[in-house]
Amino acid sequence: MTIRLGADIGGTFTDIVLDLHGKLFSTKVLTNYTAPEQAILDGTAIVCADAGIAPSALEIVIHGTTLATNALIERRGARTAFVTTEGFRDVIEMRTESRFEQYDLNLTLPDPLIPRNDRLTLRERVDAGGNILIPLADSDVETLAQHLDGYDSVAVGFLHSYLNPAHEHRVRDILARLRPGLSVSLSSDVSPQMREYERFNTTCANAYVKPMMESYLSRLAARLSDHGARCPIFLIHSGGGIISLQAAAD
């Protein structure tokens, strides 16, 4: 049987469980908001000591966390820009006209994650069949890149890009050249499905938390390795399965 460690970071406590050939060892430590990975290291040290093994004996670590969810709820994500097709910058604010209180005329809806001043547009167009109607000019993307000072992340969502992502890929490539430190999320990668509001909004949420999660997951892997735990690490995703740290960071 595999020697497994489970770690779950919550808003108040971090829970650690070690499964040593069917025998369980567990502990609960306070979550460290400044460095969440520290609570996992502290808890791992406790359960490994209780079990009489070294962290190097671990064969798999499975991690769950609400850090991304908390960042969305508390609006503590990165400063993010949204780049979309000309004429569609307000899609994430107009929504789909669905209301959770259908007859409340005074209903106040949540503000979109990306304020209007941080939504930028490019002249391009792909039709509903995936055919390019208006080609994307590289010069337009290069000009847009000059206006991204102060941003940590960019969400890119073009109309019908789930059918033809060529323009989104071109924006990603140009930004990688001109803004190499900028985190970029493409709607054709994050949520390649029809209906632009859902796709754009999901991509904005991804871009909003991506820099924080990339930094956290890389620190977690490095510090666990420094403490001898060089085993595979997986993250539980919202669908209930597990994915690698690299896939989670992406």
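Is R4 buried, exposed or partly exposed? At 40% relative accessibility, R4 counts as partly exposed. The legends below describe views of a predicted model.

**View 1. The whole protein chain of the predicted model.** The chain contains eight helices and 12 strands. Its C-alpha atoms fill a box of roughly 65 × 50 × 35 Å along the principal axes. Of the 250 residues, 42% are buried. Among contacts with a separation of 6 or more, 67% are between residues 24 or more positions apart. The accessible surface is about 13,000 Å², and carbon and sulfur atoms make up 51% of that surface. The chain carries 23 positive and 31 negative charges, whose mean positions lie 1 Å apart.

**View 2. Helix α1 and the elements packed against it.** Helix α1 runs over residues 36-51 and has 16 residues. From first C-alpha to last, α1 reaches 23 Å, close to the 22 Å expected at 1.5 Å a residue. Its buried residues include P36, I40, L41, V47 and A51. The buried residues of α1 pack against strands β1 (4-9), β2 (13-20), β3 (23-30) and β4 (60-65), and against helices α2 (67-74) and α7 (196-226). G52 follows α1 and has a positive phi, near 75°.

**View 3. T44 and its contacts.** T44 lies in helix α1. T44 has a relative accessible area of 4%, so it counts as buried. Leaving aside residues up to four places away in sequence, T44 touches L5, I16 and L58.

**View 4. The salt bridge between D19 and R4.** The closest N and O atoms of D19 and R4 are 2.8 Å apart. D19 lies in strand β2 and R4 in strand β1, so the pair ties together parts that are 15 residues apart in sequence. D19 is buried, with a relative accessible area of 10%, whereas R4 is partly exposed.

**View 5. The salt bridge between D15 and K28.** The N to O distance between these side chains is 2.6 Å. Because D15 belongs to strand β2 and K28 to strand β3, the pair ties together parts that are 13 residues apart in sequence. D15 is partly exposed, at 28% relative accessibility.

**View 6. The salt bridge between R119 and E93.** The closest N and O atoms of this pair are 2.7 Å apart. R119 is in strand β6 (residues 119-122) and E93 in helix α3 (residues 91-94), so the pair links distant parts of the chain, 26 residues apart. R119 is buried, with a relative accessible area of 2%, while E93 is partly exposed at 36%. Salt bridges that share partners join D90, E93, R116 and R119 into one network.

Definitions and conventions: Residues numbered from 1 in each chain as written. Predicted model: local features only at pLDDT ≥ 70, side-chain atom pairs only at ≥ 80, totals over all residues. Heavy atoms only, no water. Helix = DSSP H or I, 4+ residues; strand = E, 2+ residues; numbered from the N terminus. Expected span 1.5 Å × (residues − 1). Buried < 20%, exposed > 50% of the residue type's maximum accessible area, 1.4 Å probe, protein only. Contact = heavy atoms within 4.5 Å. Areas by Shrake-Rupley, 256 points an atom, 1.4 Å probe, with all protein chains shown as cover. Lys, Arg positive; Asp, Glu negative; His and termini not counted. Charge placed at Lys NZ, Arg CZ, Asp CG, Glu CD. Salt bridge = Lys/Arg side-chain N within 4 Å of Asp/Glu carboxyl O.
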